[in-house]
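Hi,

Here is the structure I promised to pass on. Have a look at it first, then read my notes below.

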Amino acid sequence: MVRTRRRLLAGVLAAGTLLAASSSLAPASAAGDPYPGLFGSADPTYDGVFRQSLSLLAYVAAGEEPPASAVEWLLWQQCDDGGFQGFRADVTKPCVESDPVNYVGPETNSTGLAATALLMVGEINAADAAIGWLSDAQNSDGGFP
């Protein structure tokens with residue numbers, strides 16, 4: 001079991017490394033950028049939190065400290081209940097209610113990867129809140145919606 005988890009983590013970190021490399025290893029920071037700190041230039045609507053989390057994990061795997069703006073971007077995306085949506089264009093508005101059938105609101109994939117990334121960059125309180133959200137979302141059989 002431990003070997004399987006290590007392989008999974010190695011795969012996630014390798015994917016993050018490739019993603020960060022394809023994102024020029026720096027978050028967007030051009031003047032007027034609508035999402036300062038976000039890695040990549042593609043539309044973040046469905047994968048902003050996921051790609052950001054992978055990129056932060058890539059920095060950690062490489063033994064580098066990620067840019068503060070990149071960590072802040074991820075923290076801004078966190079919902080009040082601790083969960084993460086795929087992306088929130090306007091973080092001044094509260095997250096919508098979770099609906100896994102229609103893929104809106106906080107969801108387990110983005111929240112799980114964000115919790116891992118936040119833990120690895122030392123954002124313990126935010127990671128704990130995300131893990132708490134995951135625990136609340138978990139089905140009685142141990143699976144997730």
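A quick definition to start: a residue counts as buried under 20% relative accessible area, as exposed over 50%, and as partly exposed in between (1.4 Å probe, protein chains only). By that rule, 35% of the 145 residues in the chain are buried. Keep in mind that this is a predicted model, where local features need pLDDT of at least 70 and side-chain atom pairs count only at pLDDT 80 or more, while totals for chains, interfaces and linings use all residues. Residues are numbered from 1 along each chain as its sequence is written, and side-chain values use heavy atoms, leaving out hydrogens and water.

The chain has five helices and zero strands (DSSP runs numbered from the N terminus: H or I of at least four residues for helices, E of at least two for strands).

Now the inside. In soluble globular proteins, nonpolar side chains tend to be buried together.

Gln52, in helix α2, is worth a click. Gln52 is buried, with a relative accessible area of 0%. A polar atom of the Gln52 side chain lies 3.0 Å from the backbone oxygen of Ala70. Not counting residues up to four places away in sequence, Gln52 is in contact (heavy atoms within 4.5 Å) with residues including Trp73 and Leu74.

Cheers

Note on methods: Polar contact = N/O pair within 3.5 Å; in protein donor to acceptor, adjacent residues only side chain to side chain.
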